[in-house]
Amino acid sequence: MPPSSLLQSLLLLLATTTTLLRTTDAALGAPSAPVTATLTEDPQVSFITPQGAAFKQATSPATVTGGAEWHNWHDTVICRPGFVASPWTVEQVVELVKTHPRVRVVGLGHSFNTLTCGKDLMMTTLQMDQVLGLDKLKHTVTTQAGVKTRNLIHWLRDRGFALPTAPYYIDQSIAGAVATSSHGSSVVFGSLSSLVKAIKIVLADGSIRVLTEADGDLFSAAKTSVGALGVVVELTLAVQPNENVWRGLHHIDAQGILAEIQKAEHNALAFERVHYWYSPPLKGAAVKTTVDDLSHKHEPLPNIGEATSDFYYRTVANSSLQLVLFRHIAQMMKDPNTHTAATYVMLGHIANILPGTYKLSDALPAQQVLETDLLRSVYGKYDQYEFAVALDKAHDCVKSLFELFDRNVTNRDDFRVPFCLRYVGPGKEGLLGISHGGTRFYLNMDNYDVYNRKGFSQSMQVIKDLMASQTCEARVHYGKASIFSPMGGAWSTLDARYVQDTVGYDVYARFVAAAKTLDPAGKFADGLLIPN
Ligand SMILES: Cc1cc2nc3c(=O)[nH]c(=O)nc-3n(C[C@H](O)[C@H](O)[C@H](O)COP(=O)(O)OP(=O)(O)OC[C@H]3O[C@@H](n4cnc5c(N)ncnc54)[C@H](O)[C@@H]3O)c2cc1C
């Protein structure tokens, strides 16, 4: 099918969906109970009625399974702990922590590495999935750890608020996203960890502590804890009114990206909320999304990507039309001509970030469930890598990367899914925050080779070597693949040492000191970042 007919199909699908209601939780894969807000006497503050949590407490004991396996989201990581537990309440978390000598806590397992694994108890906080309250005066929201980022965004949107920044992927748990410094593109607000105002955490002795700015390094360490300090059960995050913004879409090429990175070195703020999607097989063609404030008001558009996903799951999924449509799209994405396949993937991507006036919550680029499902079912398992380069090195580093493609040292065809390139500022990053110390340019790339074709990706290896070299000295994302292992899932002591090198020994030592204060016996230590 030529690109024009794909575009027509997409536009038809989009047009049909604009009348649809907003996505329901059920359409998001893992449903969570709807929450009801009741206003207290102070109209500025709304609280959620606690029936949900109380009901769970009364009826649901924590499930603890012995000898169970734990898998990450697409089975590239399998852990074999002694026990896997799903507590519903903070009291159950306390009880479990007290009765196990070693604990690793996980969210939705949407990380690409073994940092999540533990040998004794692995506990997920997913059952604690209530948003607890919105303070309209202070502009903060308080949420339980297991709430999906997507559900939090919807909950806030229904009340006229938005997260100031959000990752492209929003189907992880909010505590998991914060623990790994997950991010979108924001020079001003930084990563999700930067939004944290307070953290309620269950410590190794079963005590419950609320950490805030007043707790200095303990708070700073807990913002990007990688699960190594305790079980985070609640988070209070900064939010902002859900204003109308303009989302722009621009064509750019490799040279254009390099020129903009050079400008960002001197004026990073000019690149607030800029994303680039760079497709290697399309010979460096890329698109750029901007999200700016508006000086004039237009009627905001609905979130078309979300409406399309919603339409698909409500109407097409499990019908005979699904077979035809899914097969059709899958065939296009699998086209043996990589250039053609990459064009289709890019067009699908563009359909999700069409320009226009949107509410901020809808304007921030976000991967729709349909996109995740399509990529997963068509291309299968993959490793996701993310490298964060200091702005003063970013131009030369990215130029060297582009040259690898130009010289055919890395094969363009190995990357059908476009790289996502973003700017993330230091905001109020935690000690291990990936942008701690200064704005960085982030390069996200998905590699399918190791699981689907060759067992080893020469193209990816060359890129990893470049990223670890003095040209880039890239920091790595704690939720992503290893920079040293050929199969990205298995993080090793080399990766842990690399984190220390790139974060800086003084900063790392402050993190370890905080860990020793909060968890003296290393109950939550992961064995790599914090030895146990
Ligand atoms: C398709 C895809 C796209 C992605 N895109 C982005 C992106 O755009 N930007 C980005 O930054 N990241 C992205 N990620 C990475 C993802 O945001 C992180 O890996 C995130 O940590 C996953 O959250 P989770 O709930 O699945 O946590 P898990 O993967 O289960 O755990 C991650 C870490 O959080 C800790 N943790 C989880 N819950 C708690 C808790 N309650 N208390 C203490 N520690 C806890 C764990 O110990 C572990 O160290 C993407 C992931 C996928 C699968």
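Axes here are lines fitted to C-alpha atoms, for helices over the stretch in contact, and angles run from 0 to 180 degrees between N-to-C directions.

1. Some ground rules come first. This is a predicted model, in which local features need pLDDT of at least 70 and side-chain atom pairs count only at pLDDT 80 or more, while totals for chains, interfaces and linings use all residues. Residues are numbered from 1 along each chain as its sequence is written. Helices (H or I, at least four residues) and strands (E, at least two) are DSSP runs, numbered from the N terminus.

2. Let us start with helix α9 and its neighbour α10 (residues 338–351). Their axes come within 6 Å and cross at roughly 125°. The two helices are therefore oblique to each other; angles under 35 degrees count as roughly parallel, over 145 as roughly antiparallel, 65 to 115 as roughly perpendicular and the rest as oblique. Met332, Met333 and Lys334 of α9 meet Ala341, Tyr344 and Val345 of α10, where contact asks for C-beta atoms, placed from the backbone, within 7 Å. This contact has five nonpolar residues, no polar and one charged. For these classes, Ala, Val, Leu, Ile, Met, Phe, Trp, Tyr, Cys and Pro count as nonpolar, Asp, Glu, Lys and Arg as charged, and the others, Gly among them, as polar.

3. Helix α9 (residues 320–334) also packs with helix α12 (residues 369–379), their axes coming within 10 Å and crossing at roughly 65°. The crossing is right-handed, meaning that the near helix is turned clockwise from the far one by less than a right angle (anticlockwise for left-handed). Ile329, Ala330, Met333 and Lys334 of α9 make the contact with Leu374, Ser377 and Val378 of α12.

4. Now for another helix pair: α7 (residues 254–266) and α13 (residues 391–406) pack at about 165°, with axes 8 Å apart. That angle makes α7 roughly antiparallel to α13, and the crossing is left-handed. Among the α7 residues that take part are Ile257, Leu258 and Ile261, while those of α13 include Val398 and Phe402. By class, the contact has nine nonpolar, two polar and three charged residues.

5. Strand β16 (residues 244–252) is joined to β19 by four bridges, and tryptophan 246 stands opposite threonine 357 in β19.

6. A four-stranded open sheet has the order β3-β6-β8-β7 and mixed pairing. Here β3 (63–66) and β7 are the edge strands, each with a single partner, so one side of each is left without a neighbour in the sheet. Neighbouring strands are turned by 20° against each other on average, direction ignored. β7 runs parallel to β8 (residues 121–124), joined by four bridges, and valine 105 has methionine 123 in β8 as its bridge partner.

7. Finally, the ligand. Of the 33 residues around the ligand, Gly107, Tyr169, Gly176, Gly227 and Gly479 come nearest; a residue is near if its C-beta atom, placed from the backbone, lies within 6 Å. β7 (103–106), α5 (174–179) and β14 (231–238) each give two or more residues to this shell, and α5 gives the most, with four. The shell divides into 15 nonpolar, 17 polar and one charged residue.

Notes:
Two strands pair if DSSP finds at least two bridges between them. Two residues are in contact if their C-beta atoms, placed from the backbone, lie within 7 Å.
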